[in-house]
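Please open the model in a viewer and keep the selection panel at hand. The tour has two stops.

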Amino acid sequence: MSEEQFQQVDQWISLYINKEISHVDFDSLKTFVQSSKENREYVRKKIEVGLSSGLADPDINDFDIDRAFERFETKVKEHSSLQQRFLRYRNRTKWLAAAAILLLILLPLGSYWRGSTDVKDSFSDMEIVTANGSNTRLTLPDGSLVWLNAGSKITYSQGFGVADRQLRLEGEGYFEVEHNEKLPFEVKTTDVNLRVLGTQFNFRNYSEDATVTVSLIKGKVFLDNNHNSQSLELNPNEKMTYDKSTRKMTKCSFNAVRSNSWTHHVIAFDDEPLQQIANDLMRAYNVKIEVAEDLKDYTFYGSFNLDSNSIEDILKALSMANQMQYKYQNGKYILYQ
């Protein structure tokens, strides 16, 4: 399917979760789900994002499993004569039960949550992935807000906020963390780990980048280097930079508000090498870019609104610095002198 078709599917899912979907759109969504295993998995993950983003019914905490199944049966009869089988899951937290209902109405995966073991022992990992060309805003179970930039992923236990508040990050995320002295909020990555009680910060660690950065907007964060015993503490308007080649962390003063401009669909370059700029543009626009070897370390400044500028607009602006040219060839943009 094309990107436009998947955007339509995402819109149906959002309408469904918010109880605003029409009969016609509901039938279209069911057809999509039933057409392939890949489609079922795609919708399942999108619904998980919707649940953890707080998009579901605000009265979900007053969930009544029997009444919900009655509503489920009624809705399915209204939209299709297709007979569906489903299991009732009684030994789960209210959140897991609510999630099961929303998943089952579209995804007949009878083994999604099975068994009656202790809730904590049965927690599995949640994985939220943001594709290139988009970003995602979600609310974690503890109430903390997360924005995931393009090409990023977070992984956390379904018990997040019960026994701990640990998650793994790949890529870039902006966090507004709910304060909780008893359960520190921890972000783990390949190179640097972060611990806070409640704060606002931007954390960037793409595997292809030469550095890792953490920019603190509010509060205080504690950083640990995974490769040695080095630790750092950041205060507001300070930035930590970890060099992957030397494996050392340094910090400097910085206008940290600029670090999360991407959450407002703005891409900004502040004396950054062209290869890193190309990586950011590839993720933001879901395109392929090849940079000539002799241009990779050239640095550029600039700020562009992604909603009002195309990839061509940005490349044209960069080329006006007379340091590079570009062309589109064989399905990718080539940057050269």
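Two strands are said to pair if DSSP finds at least two bridges between them. Strands (E, at least two residues) and helices (H or I, at least four) are DSSP runs, numbered from the N terminus. This is a predicted model, in which local features need pLDDT of at least 70 and side-chain atom pairs count only at pLDDT 80 or more, while totals for chains, interfaces and linings use all residues. Residues are numbered from 1 along each chain as its sequence is written, and side-chain values use heavy atoms, with hydrogens and water left out.

Select strand 17 (325–329) and strand 18 (332–336): the two run antiparallel and are joined by 5 bridges. Within this pair, Gln329 stands opposite Lys332 of strand 18. The 3 strands form an open sheet of mixed pairing, in the order 15-18-17. From one strand to the next, the twist averages 25°. Next, display helix 7 (274–285), which packs on the sheet and touches strand 15 and strand 18 (contact: heavy atoms within 4.5 Å). The direction of helix 7 makes about 175° with that of strand 15; axes are lines fitted to C-alpha atoms, for helices over the stretch in contact, and angles run from 0 to 180 degrees between N-to-C directions.

**Second stop: a loop residue**

Move to Ser144, in the loop between strand 2 (136–139) and strand 3 (145–148). Leaving aside neighbours within four places in sequence, the contacts of Ser144 include Arg165, Glu176 and Phe185.
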